[in-house]
Amino acid sequence: MIKLINISFQYDNASTETLKNINLELETGEVLAVVGPSGGGKSTLLRVIAGLEKPKVGEIFLGEKCLCKKGTFVNPEKRGIGMLFQDYALFPHMTVAKNIEYGLIGMNTTERKKRVKEVLGLVNLVEYEKRYPHELSGGQQQRIALARAIAATPKILLLDEPFSNLDTHLLQSVREELFGIIREIGITTIMVTHNPEDATTQADRVIEIVEGIASEKNWTKNNKGFI
Amino acid sequence: MFARFKERGLSPLFVIVTLIIVAIVLPSVFIFIRLFHPVTESWLHIKEYVLADYIHNSLVLVAGVSVITGILGTFFAWSLSKYQWRFGLLLESLLFLPMAIPPYIAGYVYGGIFTPFGTLDRILNQVGKEPIRVDILSKGGAIFVFSLFLTPDVFLVTKVFFEKLPKNIEESSRLLGRNQSATFFRVILPMSRGALVGGIVLVMLEVLNDYGLVRYFGIPTFSTAIYQTWFGMSDVDGAVRLAASLMSIVIIILLMEQFFRGRGRLSQARAISDGGIKKRASKVYKVVFYVLTFVYLSLALILPITQLVWWSSIAKQTNVMRRFGSILFNTISVGVIVTILVVVCGILIGNLNRLNPSILSKIYARIVILGYSVPASIIAIGVLVTFISVDRSLSGLYGILDLKNLFLTSSKFILIFALTIRFMAIGFNSIESGFSKMGKKHYEASKLLGRDEWYTFRYVDFPILKPAIISAAIFAFVDVLKELPLTLILRPFNFDTLATRVFTYAGDEMIHEASVYSLIIIGVSIVALILLSFIRKGTRI
């Protein structure tokens, strides 16, 4: 489904590489958790896959489509990748419905409205479509951000520390709900988390990135091996 | 750095911003080149006999005003941010309002009050008292007027800092055995050095920028000398050399700012609000505060506005209305065009800095901000020299198109260009702070949802940035409205704005008529200040 070959990345102002020679392959519907100490390069990996950062060397393929190799770079808006940001990044001046409609390009009004209803149904927030983001609780905002990210049926979903903004007592229920939806639609998912529990309970596979170097962890029952 | 640009391809945004930066820097480059022209006789005369005077006068004004505004501004800021006062909010708003009165207008008002047979003489005469002679048209008088109307600059900057200062700093000093005043002078003041110096530098630059007040008070300073050398003696190279000397003073001031700020910046980063719980002031403090505030507001707000209203009421209607429509049209049209340019440039430069941060984009931002430190008289000379050489090189083309010589130099374009350069920093500052509050997350989310740059700007960035853009536009428009020296030097023949009309009427002893125009400027500025405070309170993001 997605394949990263020898990806290395270095920030302009950094003296060393943030990602060093990362190789990774994921099957359709697989959920991968990326763990590791902060500053290790976890979020950078997501940004490189999304096209928000350009790797120094390496290739990325999404299905048959080449997203990035020497001389080729597909811009983020052309990649068809969904991302759930750490602080959700909902547009504060748009209602819930407008936020979700935003990414539905090339649909007519009726189709768009139908799709908005569908995804809101999926996240159990149908009656909230006219609300503004600041009128929702943290957990509700997260579900809307998820609805927005999956509305245009992306091939892969990236989650950047999805539970770091939630209270501890909400964590478990929100986590189960979120992954319930992800499993239901069967989307390939990469989740960055600092919490090993997120990884062990929800992921099919786990990799750890320390100082830019990735290694596979045997934390889940369902480990399929690391290339 | 360049390899990276090459690899990314030169984006149109980068190219446009680079052109804007070149336009900002070009006048200074032309001044620098002109410095290598042979020295003229009039420059030798200036250097021999009057340059020392210009330096002395400018420095005396700058020093005097800095000390007074520093003390007054800090006192008001500390009192209002740390103590409870009756009508505290109202007093706070009123203390900002003198900002709306440009020092040159205040200069005419105080000149008119204290001149022989002026308002003071008449009042004393009516109550049967001997006239009191106050020589207001002097350096002391100029320091007095500048200080009254520039105090809000220091007040504004230091107040923001004091409000962020954590309460426990003060409390731990008290527990370590220092009383209130020792705490203030040994802990608070050294900590706020950065903010205080920032505010005072702003005041210094305003004093060096002024032309109207020193001209009316007859004090020879750099700005009056530059004007005189260019227009009185037609000595371009002499004016350029004066501009360069003034620029060296500005550079020294900016270097001093860096030096004095020193490690103060560290403390600013640590400053966290404590929720704004205010203490009760002692009785003595209360008396001092209320008396000082009352005297200050009387002198900086009530007195000048009352005097202007009174003079306006006895102004000759026919004089006031002469070419009123065209003056209003000129002022508004130049204001609107410059505002649009400043805002558009601010958005472009701010966006480059946000999306492609690099050493070069940081240098660009620094250049824009430094642009505001350059006094108007220097920008005017730089822009004039630049446009004259552009016009000369285009003279062949003008011949073919049947246009007059010095076509650009004598058009409104030169004025609009210079004003845009002068106020670019103001627009950029507001927009930049809007961009930095907003960050990149919404932009990135929009890109990942499949939208291109333009769509993202139109439907995501722009609506979120709107309060910052409106603030930038209000700041820029009001500044153009009040601006005098640039407009005076660069305006086309027979082109008047509200500010230049105030200047010419006041110079022609038609102070009553000048008052009407002054009141319009002050009125619009006050409305703008009130609007800005509403926008600040209303911003959710």
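**Exercise 1.** In which helix of chain B does Ile33(B) have its place, and is Ile33(B) buried, partly exposed or exposed?

*Solution.* A note before we start: this is a predicted model, where local features need pLDDT of at least 70, side-chain atom pairs count only at pLDDT 80 or more, and totals for chains, interfaces and linings use all residues. Residues are numbered from 1 along each chain as its sequence is written, chains are lettered from A and ligands numbered from 1 in the order in which they are written, and side-chain values use heavy atoms, with hydrogens and water left out.

Step 1: Ile33(B) sits in helix 2 (residues 12-34) of chain B. Helices are DSSP runs of H or I with at least four residues, strands are runs of E with at least two, and both are numbered from the N terminus.

Step 2: its relative accessible area is 47%, so Ile33(B) is partly exposed (buried is under 20%, exposed over 50%, partly exposed in between; 1.4 Å probe, protein chains only).

**Exercise 2.** Work out how the open five-stranded sheet of chain A is laid out.

*Solution.* Step 1: the strand order is 2-1-4-5-6, with antiparallel pairing (two strands pair if DSSP finds at least two bridges between them).

Step 2: at the edges you'll find strand 2 (19-26) and strand 6 (72-73) of chain A, each pairing on one side only.

Step 3: zoom in on strand 1 (residues 2-9) and strand 4 (residues 57-62) of chain A, an antiparallel pair held over five bridges. Ser8(A) has Val57(A) in strand 4 as its bridge partner.

**Exercise 3.** Check chain A against the globule rule.

*Solution.* For 227 residues, a compact globule would have a radius of gyration near 17 Å; chain A has 17 Å, so the two agree (taken over C-alpha atoms; the rule is 2.2 Å times the number of residues to the power 0.38).
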